[in-house]
Amino acid sequence: MPHDQTTSDRPTAQRVLILATLVMVAFAGNSLLCRAALKHSAIDAASFTSIRIVSGALMLWLIQQLRGLPRKRAGNWLSALALFAYAACFSFAYNGLSAATGALLLFGAVQATMIGVGLQQGESLRWLQVIGLAIALSGLAALLLPGATAPPAKAGILMLAAGCAWGLYSLRGKGRTDALAETTGNFLRAVPMTLLLWALALPWAALDHRGVWLAVVSGALTSGVGYAIWYAALRGLNATRAATIQLSVPVIAAAGGALLLDEPVGLRLLLASAAILGGIALVIAKRKSA
């Protein structure tokens, strides 16, 4: 996630823990809300994406106004395109994925993208980090291999694309002096893109009250408010701890999917989760000690 790197007004450890917990639940909630909408309502993926982006843009704009800061141009079109690509691929992927599988593929792709870009830019990995990365990628491959419990290939590829797009969006947000303002600008720029998507998909569009409200909650609360809280929490977290705490998102999504959506958590998903999350944790831990 893009983040504000200012160190002034650093929150207390207890407040950081509370904020970070709320945000991880919100991030996992995006998977649960999207899956619930597409599985238990009539809304289509394009309409869900459009309502989510528009609701998020409005909420972030309102938060910016409440901050009382002078208006300034923030964000850029390339980042907005990456944001739109993430949101669209995310929604269409959840036509065929469980909340847990989707969150795991998304998180794995985000981390792999960010690590890959770092390597391309000259970063190096220690041998334990290489082993960790190999384990994580093996877990992703095992999850996607054909079989009775494998997710649909098209949906899996779409979620991997969503993760790559979000990873690139996160990297583009590094070093911004006001990440919330940047994200607000990017959401606003993504609105015409998502409305174009909705217009192109209009012949297949379907809406109902349940689906619309789930999309609004996903956009305004678990995305808009969630990002705002995340930036507050990040003032008390370094990059390693911020990356590590996001390991909890697929776990929360899996628990929520099982409890709220009656989605099974099979042995294949458990083993793949252990490999992906454990491998990434090893990469992050060794990076911290480097």
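Let me start with a term: two residues are in contact when heavy atoms lie within 4.5 Å. Now use it. Among contacts in this chain between residues at least 6 apart in sequence, 91% join residues at least 24 apart.

Some ground rules. This is a predicted model, where local features need pLDDT of at least 70, side-chain atom pairs count only at pLDDT 80 or more, and totals for chains, interfaces and linings use all residues. Residues are numbered from 1 along each chain as its sequence is written, and side-chain values use heavy atoms, with hydrogens and water left out.

How confident is the predictor? pLDDT is its confidence in each residue, from 0 to 100. The chain has a mean pLDDT of 85, and 88% of its residues reach 70 or more. Confidence is lowest in helix 9 (residues 239–245), at a mean of 68. It is highest in helix 3, at 96. Over residues 1–8 the pLDDT is below 50. That stretch still has 28 contacts in the model beyond near neighbours in sequence.

Next, the overall build. Helices (H or I, at least four residues) and strands (E, at least two) are DSSP runs, numbered from the N terminus. The chain has eleven helices and zero strands. How much of the chain is buried? Buried means under 20% relative accessible area, exposed means over 50%, and partly exposed is in between (1.4 Å probe, protein chains only). Of the 290 residues, 52% are buried.

Now the aromatic rings. A pair of aromatic rings is described by the distance of the centres and the angle of the planes. Rings of Phe, Tyr and Trp (its six-membered ring) pair if their centres lie within 6.5 Å; planes under 30 degrees apart are stacked, over 60 edge-to-face, and the rest tilted. The whole structure holds eight aromatic pairs. Take Tyr86 and Trp166: their pair is tilted, at 4.7 Å centre to centre and 50 degrees between the planes. Tyr86 sits in helix 3 (residues 77–93) and Trp166 in helix 6 (residues 153–172), so this pair links distant parts of the chain, 80 residues apart. Both residues are buried. They also belong to one aromatic cluster, whose members include Phe27, Phe90, Tyr94 and Trp230.

Which residue lies over the face of Phe90? Arg52 does, at 5.1 Å from the ring centre. The rule for a charge over a ring: NZ of Lys or CZ of Arg is within 6 Å of the ring centre and within 35 degrees of the ring normal. Arg189 lies over the face of Trp77 in that way, at 5.6 Å from the ring centre.

Ser31, in helix 1, is in contact with Phe90, Tyr94, Ala99 and Ala103, leaving aside neighbours within four places in sequence. Ser31 is buried, with a relative accessible area of 2%. Thr49 is in helix 2 (residues 45–67). The C-alpha atoms of Thr49 and Phe90 are separated by 8.5 Å, though the two are 41 residues apart along the chain. Thr49 counts as buried, because its relative accessibility is 0%. Beyond four places in sequence, Thr49 touches residues including Ala87, Ser91 and Leu197. A polar atom of its side chain lies 2.8 Å from the backbone oxygen of Ala45.

Over to helix 8 (residues 209–234), where we find Ser218. Is Ser218 buried or exposed? It is buried, because its relative accessible area is 0%. Its side chain makes a polar contact with the side chain of Asn30, at 3.0 Å. A polar contact is a pair of N or O atoms within 3.5 Å; within protein, one must be able to donate a hydrogen and the other to accept it, and residues adjacent in sequence count only if both atoms are side-chain atoms. Outside four places in sequence, the contacts of Ser218 include Leu33, Phe48 and Arg52.

Back in helix 1 (residues 13–40) lies Ala28. Ala28 is buried too, at 0% relative accessible area. Not counting residues up to four places away, Ala28 touches Val249, Ile252 and Ala253.

Last, charges. Side chains of opposite charge can pair when their charged atoms come close. A salt bridge is a side-chain nitrogen of Lys or Arg within 4 Å of a carboxyl oxygen of Asp or Glu. The count comes to one salt bridge. Which side chains form a salt bridge? Glu263 and Arg35, at 3.2 Å, N to O. Glu263 is in the loop between helix 10 (248–260) and helix 11 (267–289), while Arg35 is in helix 1, 228 residues apart. Both are buried.

How values were computed
pLDDT is the predictor's confidence in each residue, from 0 to 100.
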